[in-house]
Amino acid sequence: MQLYLKILALIFVSTHCFATTTVKYFKCTTDRGIVFSQFPCSANATQHTITTSDPKASAPSEQHYKTLNNLERNQIAKRTKRALRAKHHEKAVLNRKRDTAVREQQDKLTKLMNEDRRKKVVRQVKKEIKAINKAHAKAIKSLEKKISKLEKQLKAYE
């Protein structure tokens, strides 16, 4: 019972310190102009609310903005870590795709064929592998730039 009274007193004190007043009013457009009233004055009346607080109420002594800034910084750091992990995963996927494409090209060499045909296939395979490696290097370079940018951003927030 005493605990209940203490909680009730605490609620009363906390609401008393931060007393707010809420007023609802209606805005109507008439032939004479705009009319404000506490009751609906026509069918097209729109209801609005004004909330005011007691100017004498004191703000809490704690500095909540620092806590909020820390929370926001932590959230940004977590998002950056997830993005970084995603980029590393994307890099691994690119490496697997390149390896698969190179393997497919090299499989062409294992087929039985005559010597002239084999020379043409070898040249073609070398050309394809070179193109695959060039495209892979370009994609990896772009990805590495993004990864380094994310790492710098993460370092700034940690």
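Author: Of the 158 residues of the protein, 12% count as buried, where buried means under 20% relative accessible area, exposed over 50% and partly exposed in between (1.4 Å probe, protein chains only). The model is predicted: local features need pLDDT of at least 70, side-chain atom pairs count only at pLDDT 80 or more, and totals for chains, interfaces and linings use all residues. Residues are numbered from 1 along each chain as its sequence is written, and side-chain values use heavy atoms, with hydrogens and water left out.

Reader: In what order do the elements of the protein run from the N terminus on?

Author: Helices (H or I, at least four residues) and strands (E, at least two) are DSSP runs, numbered from the N terminus. The protein has 3 helices and 3 strands. From the N terminus on, their order is α-β-β-β-α-α.

Reader: How many salt bridges does the structure hold?

Author: A salt bridge is defined as a side-chain nitrogen of Lys or Arg within 4 Å of a carboxyl oxygen of Asp or Glu. One of them joins Asp99 to Arg98, with the closest N and O atoms 3.2 Å apart. Asp99 is partly exposed because its relative accessible area is 37%. The number of salt bridges in the structure is 3.

Reader: Which salt bridge links distant parts of the chain, and how many residues apart are its partners?

Author: The side chains of Lys91 and Glu144 meet in a salt bridge at 2.4 Å, N to O. Lys91 lies in helix α2 and Glu144 in helix α3 (residues 115-157). The pair is Lys91 and Glu144, and the separation is 53 residues.

Reader: Why are Glu90 and Lys87 separated by about one helical turn?

Author: Glu90 forms a salt bridge with Lys87, and their closest N and O atoms are 3.7 Å apart. Glu90 has a relative accessibility of 35% and therefore counts as partly exposed. Both residues belong to helix α2, and the separation is about one helical turn because they are 3 residues apart.

Reader: Is Arg82 buried, partly exposed or exposed?

Author: Arg82 lies in helix α2 (residues 64-107). Because its relative accessibility is 46%, Arg82 counts as partly exposed.

Reader: What share of the contacts between residues at least 6 apart in sequence joins residues at least 24 apart?

Author: Contact means heavy atoms within 4.5 Å. Among contacts in the protein between residues at least 6 apart in sequence, the share joining residues at least 24 apart is 61%.
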